[in-house]
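Thanks for coming. I have one structure to show today, and I will keep it short. Please have a look at it first.

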Amino acid sequence: MCPARCGGRLFRALFAEVEIDSGGAYQDHRIVQPGYVCLNCGSPAFDLAEVPDEMAAEAEADEVPTAADILCPVCETLVHVEADMECPNCGAPLEVG
Ligand SMILES: [Zn+2]
Ligand SMILES: [Zn+2]
């Protein structure tokens, strides 16, 4: 989509290979690298299909680690857990926080 939100719906792929037949007619194309320009306002555009991955990666990086060292109430082993899980020693369910 256009990052300037100009409403343009046509884009030009900057890095694409176009297959043509012997008469020069368009047959197919292949995007070599993701790079686009909005044909309406000229802004560099991006492929929405690839954005969720990037956002997920950023969200992952921003995520505050919830790891904690807690004492198992059953076997009294100090266990390091990153989320609610079972005690690796005795299998008792543990709650973090
Ligand atoms: Zn635009
Ligand atoms: Zn335990």
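Predicted model: local features only at pLDDT ≥ 70, side-chain atom pairs only at ≥ 80, totals over all residues.

Start with the layout. The protein chain has 1 helix and 7 strands. Reading from the N terminus, the order of elements is β-β-β-α-β-β-β-β. The chain counts 97 residues, and 3% of them are classed as buried. As for contacts between residues at least 6 apart in sequence, 32% of these link residues at least 24 apart.

Now the sheet. Which strands form it, and in what order? It is an open sheet of 3 strands, ordered β1-β2-β3, with antiparallel pairing. The edges are taken by β1, residues 11-20, and β3, residues 44-45; each has a single partner strand, so one side of each has no neighbour in the sheet. Let me stay with β1 for a moment. Its pairing with β2, residues 26-38, is antiparallel and runs over 9 bridges. To pick out one position on screen, Glu 17 has Arg 30 in β2 as its bridge partner.

Is Gly 42 exposed, partly exposed or buried? It counts as partly exposed, because it has 13 C-beta neighbours inside 10 Å, and a residue is called exposed at 12 or fewer and buried at 20 or more. Gly 42 can also be placed relative to Phe 11: the two are 31 residues apart along the chain, and their C-alpha atoms are separated by 8.9 Å.

Last, two backbone angles to look at. Which value does phi take at Arg 5? Phi there is near 50°, which is positive, and the residue is not a glycine. Arg 5 lies in the segment before β1. It has 10 other C-beta atoms within 10 Å and is therefore exposed.

The other one is Glu 76. Its phi is positive too, about 60°, and again the residue is not a glycine. Glu 76 belongs to the loop between β4, residues 68-71, and β5, residues 78-81. Glu 76 has 10 C-beta neighbours inside 10 Å, so it counts as exposed.

To recap: there is an open sheet with the order β1-β2-β3, a partly exposed glycine, Gly 42, and positive phi values at Arg 5 and at Glu 76. That is what I have for today.

Methods:
Residues numbered from 1 in each chain as written. Chains lettered and ligands numbered in written order. Pairing = 2+ DSSP bridges. Helix = DSSP H or I, 4+ residues; strand = E, 2+ residues; numbered from the N terminus. Contact = placed C-beta atoms within 7 Å.
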